Amino acid sequence: MSQAVVKHSQIARSSLLTASQTENLLSFVTGIGVAGLLVYGWLTRGDTSINPENGIGYALGIIGGSMMLLLLIYPFRKRIRYLSAIGSVGFWFRFHMLLGLLGPVAVLYHSRYSWGALNSAVALTAMLIVAGSGLIGRFLYSRVHRGYSGRKIEVRALLLEMRELLESLTELGHDGEVAQARLVPFEHQAVAAGTGFWTSAKAVIQLGVSTRTAQRQLKREILNAPTPGGIAEEGMRIARQKLLAQSAHFFQAVRRAGEFAYYDRMLRLWHILHLPLFFILVATAILHIIAVHMY
């Protein structure tokens, strides 16, 4: 493999990692903010200034319900190409996730964390189920797609990436060749695991444990190996750090390739279940609104 191809691959991986880290940071900050709002709402749930029937409490119910209804824009935008003028699919996916968190928070503030009458309890239960389902879907999505870009991780592309990494390890001399010999069997395991749903399901645990164990053992061996004569100690340290970084990326690629078929199937099943749950939520919310204004 030419130096240009290896360099291009390394740059691509570096850019992808940066984007992934940015998305993870934003998700973490958003999660902390939502958790803080939930805790604050629970601690102040006895505040009589928030009344579900009027004022700010009533407004929060309208706002939360509207946010939940706006969640439909994302699936419509994804399936109807004529809606491309309203924004990209990636933007609406991010907005969909944000509304799926803030909408339930607003409704919980509206209800003051209480079940209320029967129609209120049914609507609140449906909302909590849909919100929980959304969090599960977010987890499955993160296992099948690279960040929020919507680009599905193809097993073939991951295996090519692993092959490039293995070939680049030989540039690091004897340590690289030893590491390559240790890593090659995991590539074969990833190929075998990705051939079916059940083999991939087993790989979620088996490859997860074996790759992490092998990674720790390889790290100890590399760091404790003696420095060959005639090689500068600083140069060898840099080379070994590079080797450790490449092998860590390789093990991650192995896990993703092996688990792909399992998480891909689970995400498909989740899509089948999530949409009916959402429509049940809409129906219960409508009944709740009618009951509140009629009685």
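## Aromatic pairs

The whole structure holds 10 aromatic pairs. The model is a predicted one. A pair of aromatic rings is described by the distance of the centres and the angle of the planes.

Phenylalanine 186 and phenylalanine 251 form an edge-to-face pair. Their centres lie 5.4 Å apart, with 80 degrees between the planes. This pair links distant parts of the chain. Phenylalanine 186 sits in helix H7 (residues 174-193), phenylalanine 251 in helix H9, and 65 residues separate them. Both phenylalanine 186 and phenylalanine 251 are buried.

The rings of tyrosine 262 and tyrosine 263 have planes at 70 degrees and centres 5.1 Å apart, so this pair is edge-to-face too. Are these two tyrosines buried or partly exposed? Tyrosine 262 counts as partly exposed, because its relative accessibility is 22%. Tyrosine 263 is buried, at 8% relative accessible area. Elsewhere, Tyr74, Phe93 and Tyr141 form one aromatic cluster.

## The largest pocket

The largest pocket has a volume of about 960 Å³. Its lining counts 34 residues. Gly61, His110, Ala285, His288 and Ile289 are the closest to the centre.

Which elements give two or more residues to this lining? They are helix H2 (55-70), helix H4 (89-111), helix H5 (118-144) and helix H9 (233-294). H9 gives the most, with 10 residues. By class, the lining of the largest pocket has 20 nonpolar, 12 polar and two charged residues.

H2 has 16 residues. From first C-alpha to last, H2 reaches 23 Å, close to the expected 22 Å. Its buried residues are Gly57, Leu60, Gly61, Gly64, Met67 and Met68. Seen down the axis of H2, these buried residues fall within an arc of 135 degrees, so they line one face of the helix. Gly55 and Leu69 are exposed on the other side of H2. Gly61, buried in H2, is also one of the residues closest to the centre of the largest pocket.

H4 has 23 residues. They should span 33 Å at 1.5 Å a residue, and the end C-alpha atoms are 32 Å apart, which agrees. Just after H4, arginine 112 takes a positive phi of about 55 degrees.

## One cavity

How many cavities of 30 Å³ or more does the whole structure have? The search finds one. About 50 Å³ of space lies in the largest cavity. Its lining is made by Gly41, Thr44, Arg45, Ile50, Leu108, Tyr109, Arg112 and Tyr113. Four of these lining residues are nonpolar, two polar and two charged.

Notes: Residues are numbered from 1 along each chain as its sequence is written. This is a predicted model: local features need pLDDT of at least 70, side-chain atom pairs count only at pLDDT 80 or more; totals for chains, interfaces and linings use all residues. Side-chain values use heavy atoms; hydrogens and water are left out. On a 1 Å grid over the protein atoms alone, a cavity is a set of points where a 1.4 Å probe fits but cannot get out, and a pocket is an open set with protein on both sides within 12 Å along at least five of seven lines; lining residues have an atom within 4 Å of a point. Grid points are joined across faces, edges and corners, and a volume is the space filled by probe spheres set on the points. Ala, Val, Leu, Ile, Met, Phe, Trp, Tyr, Cys and Pro count as nonpolar, Asp, Glu, Lys and Arg as charged, and the others, Gly among them, as polar. Helices (H or I, at least four residues) and strands (E, at least two) are DSSP runs, numbered from the N terminus. The expected span of a helix is 1.5 Å times one less than its number of residues. Buried means under 20% relative accessible area, exposed over 50%, partly exposed in between (1.4 Å probe, protein chains only). The arc is that of the directions from the helix axis to the C-beta atoms. Rings of Phe, Tyr and Trp (its six-membered ring) pair if their centres lie within 6.5 Å; planes under 30 degrees apart count as stacked, over 60 as edge-to-face and the rest as tilted.
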